[in-house]
Amino acid sequence: MAGRRLQLPLLCLLLQGATAILFAIFVRYDQETDAARWHWGNHSNTDNEFYFRYPSFQDVHAMVFVGFGFLMVFLQRYGYSSLGFTFLLAAFTLQWATLVQGFLRSYRDGHIPVGMESMIDADFCAGALLISLGAVLGRTGPAQLLLMALLEVALFGLNEFVLLCLLEVRDAGGSMTIHTFGAYFGLVLSRVLYKPHLEKSKHRQGSVYHSDLFAMIGTMFLWIFWPSFNSALTSRGAGQPRTALNTYYSLTASTLSTFALSALVEEDGRLDMVHVQNAALAGGVVVGTASEMMLTPFGALAAGCLAGAVSTLGYKFFTPILESKFKIQDTCGVHNLHGMPGVLGALLGALVTGLATHDAYGDGLQTVFPLIAEGQRSATSQAVYQLFGLFVTLAFASAGGGLVGFLLRLPYLDAPSDSQCYEDQIYWEVPEVHDKVQEALRMEEADSQA
C-alpha cells in the first residue's frame, strides 16, 4: 500500500515534468495562432483555420472524453476507474502525442508548430490508446496504463508516419491508423497479460441495469459525433461533407443490422444491450478509410450493414473463442467493434481506391488521390499501397503490444491480482461501500499476498 501511494504521484509528476520541459524547448504556436506571425499576412480574421476546424475538434474531443469514457462504465463496480483512467490517459496522451507527432511530421527550424490540426491529431492518438485500454480494462493498474500510454503513443506516431508520409496511403477516419492499430495492440497486450485465474473476479465482470444505461450515454455521444471524427481533417470543399455523409449513412445501417442480428441470435428473440452499445457503432469504423472517397450513399449503407452484422456475431460467438482457445481476455470486445470492422474498412478503402477514375472524381481527384491525379501512381498501385498499409499496421500493433505487455508484467507496477480485477475499491475512495465488501477485499488481498 505504501508503494501504491507513491507510485502513481511520482509517475504523474515525472511524466508531466518531462513533457513540460520538452514543450518549453520545442513547441511553438503555428502561424495561425501566433500573434505576430498572423498579422504578417494580408487576410481576413475569418480565414483563420480555427473557424473551420474547431467545430469538428469539439466533437472529436467530446468523443474521446465522454464517448469512450462512458462506453466503458458497463462494468458494475468499475465505473470510477473507467471514467477516471480514461481522463488520466487521454490528458497525458494529448501532450505526449503533440511531441511525438510533431517530431515525426512537422518538426522544422528546431521547433514543433501547434494549432488546430495538431490538436485533432493528438485526439486521434488518444482514441487509439483508449481502444487498447478497452482490451485490458479492469485488469491493469494506473501505473501500468501510464507506461502503456508512454510507449503506445510513440509506436502509434511511428506507424502513422510510415503510412501517411512514407507510403502516402489515404486513411481519413483512421480505419487502419486508429482502429486497427489500437485494437490489435490491445489484443496482443491482453494476451501477454493473460490472467489464468480470472474466474475469481467473474462476479464483477458483468453489468447491471444502471451501468448499462450509463454506457449507452457513451454510445450516443460516439454515434452522434462520428461523422465529425471521420471528416475532421479532410479537405475543404466537397471532401468534408462527403466524408460526413458517408459516415452518417453507414452508422444508420450498422444500427439496423445490429438490432436485427441481436434479436436473431439471442434466446427468445430478446435484444442484448452489449450488442447495441457497441456493434451499432461499427458503421463509423468500417468507412473510416473510404469515407472521403466516392463510396456512394449506397456503398456506405452496404458497408455499415455488413459491419454491424460482423460485429454483433463477433460479440456473440467469437469473443468466447478468443478467451477459451487463444487466451485473449478482451474486456470491452474491441476486436468486434474496432478490430474486424477496422480491417474490413481498410479492405474497403483499397477496393474503392482501385476503382478511382478521373471521370468519377473530376478535379476532386487531386484532393483525394493526389498521386493518381499527378500520374505518379495508377489507381491499382495506390490500392496495393493501401493494402500494404494494413499489413504494416498489423505488424506495428502486434510487435508493439507484445513488447509493451512484457514490460507491464514487471512486478513493481502494482497490477491487480486475479481475484481483485474489475474493482474500483482497489484504487479509489468509494463512498458508502458496505463494510462486508471492504472486509472481503482485504481478505482477498491478504490471500493474494500469501
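Phe52 touches Thr234, Arg236 and Gln240, leaving aside its neighbours within four places in sequence. Phe52 sits in helix H3, which spans residues 50-71. The model is predicted.

- Phe52 and Tyr412 are separated by 360 residues in sequence.
- In space, 47 Å lies between the C-alpha atoms of Phe52 and Tyr412.

**Helices H5 and H6**
- H5 covers residues 116-136, and H6 covers residues 142-166.
- The axes of H5 and H6 come within 10 Å.
- They cross at roughly 125 degrees.
- The crossing of H5 and H6 is right-handed.
- On the H5 side, the contact involves Asp121, Phe124, Cys125, Ala128, Leu129, Ser132, Leu133 and Val136.
- On the H6 side, the partners are Leu145, Met148, Ala149, Glu152, Val153, Phe156 and Glu160.
- By class, this contact of H5 with H6 has eleven nonpolar residues, one polar residue and three charged residues.

**Nonpolar cores**
- The largest nonpolar core holds 94 residues.
- Met148, Leu189, Trp226, Tyr361 and Phe369 have the most contacts inside this core.
- H5 supplies the largest share of the core, with 13 residues.
- Tyr361 contacts Met293, Met294, Val352, Ala356, Val368 and Phe369, leaving aside its neighbours within four places in sequence.
- A second, separate core has eight residues, including Leu167, Met176, Ala346 and Leu390.

**Leu163 in H6**
- Leu163 belongs to helix H6.
- Leu163 counts as buried because its relative accessibility is 0%, and the cut-off for buried is under 20%.
- Leaving aside neighbours within four places in sequence, Leu163 contacts Glu168, Val169, Met176, Thr177, Gly389, Val392 and Thr393.
- Met176, one of these contacts of Leu163, is also among the residues of the second core.
- Leu163 and Lys202 are 39 residues apart in sequence and 40 Å apart in space, C-alpha to C-alpha.

**Ser82 in H4**
- Ser82 lies in helix H4, residues 79-105.
- Ser82 is buried, at a relative accessible area of 0%.
- Gly69, Met72, Val73 and Leu137 are in contact with Ser82, once its neighbours within four places in sequence are left aside.

Key:
Residues are numbered from 1 along each chain as its sequence is written. This is a predicted model: local features need pLDDT of at least 70, side-chain atom pairs count only at pLDDT 80 or more; totals for chains, interfaces and linings use all residues. Side-chain values use heavy atoms; hydrogens and water are left out. Axes are lines fitted to C-alpha atoms, for helices over the stretch in contact, and angles run from 0 to 180 degrees between N-to-C directions. Helices (H or I, at least four residues) and strands (E, at least two) are DSSP runs, numbered from the N terminus. A crossing is left-handed if the near helix is turned anticlockwise from the far one by less than a right angle, and right-handed if clockwise. Contact means heavy atoms within 4.5 Å. Ala, Val, Leu, Ile, Met, Phe, Trp, Tyr, Cys and Pro count as nonpolar, Asp, Glu, Lys and Arg as charged, and the others, Gly among them, as polar. Buried means under 20% relative accessible area, exposed over 50%, partly exposed in between (1.4 Å probe, protein chains only). A nonpolar core is a set of buried Ala, Val, Leu, Ile, Met, Phe, Trp, Tyr and Cys residues joined through side-chain atoms within 4.5 Å.
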